[in-house]
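Please keep the sequence and the structure in view while reading.

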Amino acid sequence: AACGLAVELWRDGRHEAALAGLAAAAARDPLLPRPHYLLALILLDRGREAEALAAFRRCTYADPGFVPAHLGRASLLVRLGEHRHARIALEQAARLAAGRDPTEPIVAGADLKAAEVHELIASQRRLLADRHGRSPGRAR
């Protein structure tokens, strides 16, 4: 419920209220990944990259299998120039998504499908390869 309300507040431009609600939800149950994930997205939207990175990390600690957080973390790390750590997060997402039915939601109740995750991973690999003149393969 807190996550749904936070998304509505975020969409309405009430960012601080959304962040406060999510922080309270995360404090109540720190092992729920969604509040941390949404916190990361809103913080990222607000340009608060260091805090967003910490929230992505808390999300993957709460649920190591929460693929969207690994993808978000990888993308943010690329932006921050931390390519080695970005590759690690990206490859973790790839391992978690491997072998999944392409039409299967990657997280229960979410619209993101496994096939879309594979496309995002390929895109991030290309971005990393372009930045280093490498072929977009596995992490090194």
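In this predicted model, the lining of the second largest pocket consists of Tyr37, Leu41, Leu44, Phe56, Pro68, Leu71, Gly72, Ser75, Leu76, Arg79, Leu120 and Gln124. Helices H3 (33-45), H5 (67-79) and H7 (114-132) are the elements that each give two or more residues to this lining.

**Second largest pocket**

- The volume of the second largest pocket is about 160 Å³.
- H5 gives the most to the lining of this pocket, contributing six residues.
- By class, the lining of the second largest pocket comprises eight nonpolar residues, three polar residues and one charged residue.

**H5 with H6**

- H5 packs with helix H6 (residues 83-97) at an angle of about 160°, and the two axes lie 8 Å apart.
- Because angles over 145 degrees count as roughly antiparallel, H5 is roughly antiparallel to H6.
- The crossing in which H5 passes H6 is left-handed.
- On the H5 side, the contact is made by Val67, His70, Leu71, Arg73, Ala74, Leu77 and Val78.
- On the H6 side, the contact is made by His83, His85, Ala86, Ala89, Leu90, Gln92, Ala93 and Leu96.
- The contact of H5 with H6 contains ten nonpolar residues, four polar residues and one charged residue.
- Leu71 of H5 belongs to the contact with H6 and is also one of the residues lining the second largest pocket.

**H1 with H2**

- Helix H1 (residues 2-11) and helix H2 (residues 15-28) have axes that come within 8 Å and cross at roughly 165°.
- H1 and H2 are therefore roughly antiparallel to each other.
- H1 passes H2 in a crossing that is left-handed.
- From H1, the residues Ala2, Cys3, Ala6, Leu9 and Trp10 meet His15, Ala17, Ala18, Leu22, Ala25 and Arg28 of H2.
- Nine nonpolar residues, one polar residue and one charged residue make up the contact of H1 with H2.

**H1 with H3**

- The axes of H1 and H3 cross at roughly 10° and come within 10 Å.
- Because angles under 35 degrees count as roughly parallel, H1 is roughly parallel to H3.
- Cys3, Val7 and Trp10 of H1 meet Arg34, Pro35, Leu38, Leu41, Ile42 and Asp45 of H3.
- The contact of H1 with H3 has seven nonpolar residues, no polar residues and two charged residues.
- Cys3 and Trp10 of H1 take part in the contact with H3 and also in the contact with H2.
- Leu41 of H3 meets H1 and is also among the residues that line the second largest pocket.

Key. Residues numbered from 1 in each chain as written. Predicted model: local features only at pLDDT ≥ 70, side-chain atom pairs only at ≥ 80, totals over all residues. Heavy atoms only, no water. 1 Å grid on protein atoms, 1.4 Å probe; cavity = no way out; pocket = protein on both sides within 12 Å on 5 of 7 lines; lining within 4 Å. Points joined across faces, edges and corners; volume = space filled by probe spheres on them. Helix = DSSP H or I, 4+ residues; strand = E, 2+ residues; numbered from the N terminus. Nonpolar A, V, L, I, M, F, W, Y, C, P; charged D, E, K, R; others polar. Axes fitted to C-alpha atoms, helices over the stretch in contact; angles between N-to-C directions. Parallel < 35°, antiparallel > 145°, perpendicular 65-115°, else oblique. Left-handed = near helix turned anticlockwise from the far one by under 90°. Contact = heavy atoms within 4.5 Å.
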